[in-house]
Each structure stands twice: as structure tokens, then as C-alpha cells.
Amino acid sequence: MEELVKHFLPEGILDYFVVVKVENKEQLTIHLDEKNIPPKLDVDNKIISKGFYEPITIQDFPIRRKACYLIFRRRKWMDEFTGNIVNNNWRLTAKGTRMTKELASFLKGNH
């Protein structure tokens, strides 16, 4: 399934996320979970997985006249030394939107 779905996703997204579910109802919804790749810290503190943040929904290009939404679950980790929650800072949306960068660029006519 992932081999087919990757052609409908923003380029490079599967480097950091894995497809966990695809729903094809009134709209196409693709659920993605962040891979377990802890963020790089400036120091060599131990990082402990602490699950996921609440999912975020991003609108992408329609597919076959159906709205398409990508639902991302981003991971969070705790720095065992400081107790701080840390995460990877993936840029998933165009600034100020809930759309993929590609869709926002297309709608603005910057393609």
C-alpha cells in the first residue's frame, strides 16, 4: 500500500513518516506516524520516547475529485537529564495555513 500511496504524498515525507492507514470515503484520508528517529541534541543526553502529540490534519491536493487530508502524528521524546520534551521540527505546512506547501503554492499561482 505504501508503495502506491507515496506517489500522492509530498516529496520526501516518507523519509520521516510511515503510512499507517488510508481511508477512502467521502474524502481520502491518509494517516501517517513519525518514524522513531529521535532529534539530534547539542549534548549527548539520553532521550526517552514519550509517545505522540495530538494528530494534526493538513489539506493536500484533491485526488480524483475527492478532498485529500493527511493526518500526522508527531513523536515526542523526553531529555532524561533536563526533563524537557523535545521533538523534530518538520515543516509540514505552508506558513499560516493548514495546507501542504505544494498545495498553498499552487493556489497562490507560484507553481
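**Ground rules.** I'm working with a predicted model, where local features need pLDDT of at least 70, side-chain atom pairs count only at pLDDT 80 or more, and totals for chains, interfaces and linings use all residues. Residues are numbered from 1 along each chain as its sequence is written, and side-chain values use heavy atoms, with hydrogens and water left out.

**Four-strand sheet.** I looked up the strands to begin with (strands are DSSP runs of E, at least two residues, numbered from the N terminus). I found an open sheet of four strands, ordered β1-β2-β5-β4, with mixed pairing; for two strands to pair, DSSP must find at least two bridges between them. β1 (17-24) and β4 (56-63) are at the edges with a single partner strand each, so one side of each has no neighbour in the sheet. From one strand to the next, the twist averages 25° (axes are lines fitted to C-alpha atoms, and angles run from 0 to 180 degrees between N-to-C directions). I then checked β1 against β2 (residues 28-34): they run antiparallel and are joined by seven bridges. Valine 22 sits opposite isoleucine 30 of β2.

**Three-strand sheet.** Another open sheet has the order β3-β6-β7, with antiparallel pairing. Its edge strands, β3 (47-52) and β7 (85-86), each pair on one side only. Between β3 and β6, which run antiparallel, I noted four bridges. Isoleucine 47 has aspartate 79 in β6 as its bridge partner.

**Loop between β4 and β5.** I found arginine 64 here, and arginine 65 has its place in this loop too. Most residues other than glycine have a negative phi. Arginine 64, though, has a positive phi of about 50°, and arginine 65 has one of about 65°. Arginine 64 counts as exposed because its relative accessibility is 80%. Arginine 65 counts as exposed at 86%.

**Arginine 74.** I placed this residue in the loop between β5 (66-73) and β6 (75-79). Arginine 74 is buried yet has no salt bridge (a side-chain nitrogen of Lys or Arg within 4 Å of a carboxyl oxygen of Asp or Glu). Glutamate 34 is the nearest side chain of opposite charge, 4.5 Å away; Lys and Arg count as positive and Asp and Glu as negative, while His and the chain ends are not counted. What does the side chain of arginine 74 join in a polar contact of 3.4 Å? I found the side chain of asparagine 87. A polar contact is a pair of N or O atoms within 3.5 Å; within protein, one must be able to donate a hydrogen and the other to accept it, and residues adjacent in sequence count only if both atoms are side-chain atoms. I also noted the backbone oxygen of asparagine 88, which lies 2.6 Å from a polar atom of the arginine 74 side chain.

Methods: Buried < 20%, exposed > 50% of the residue type's maximum accessible area, 1.4 Å probe, protein only.
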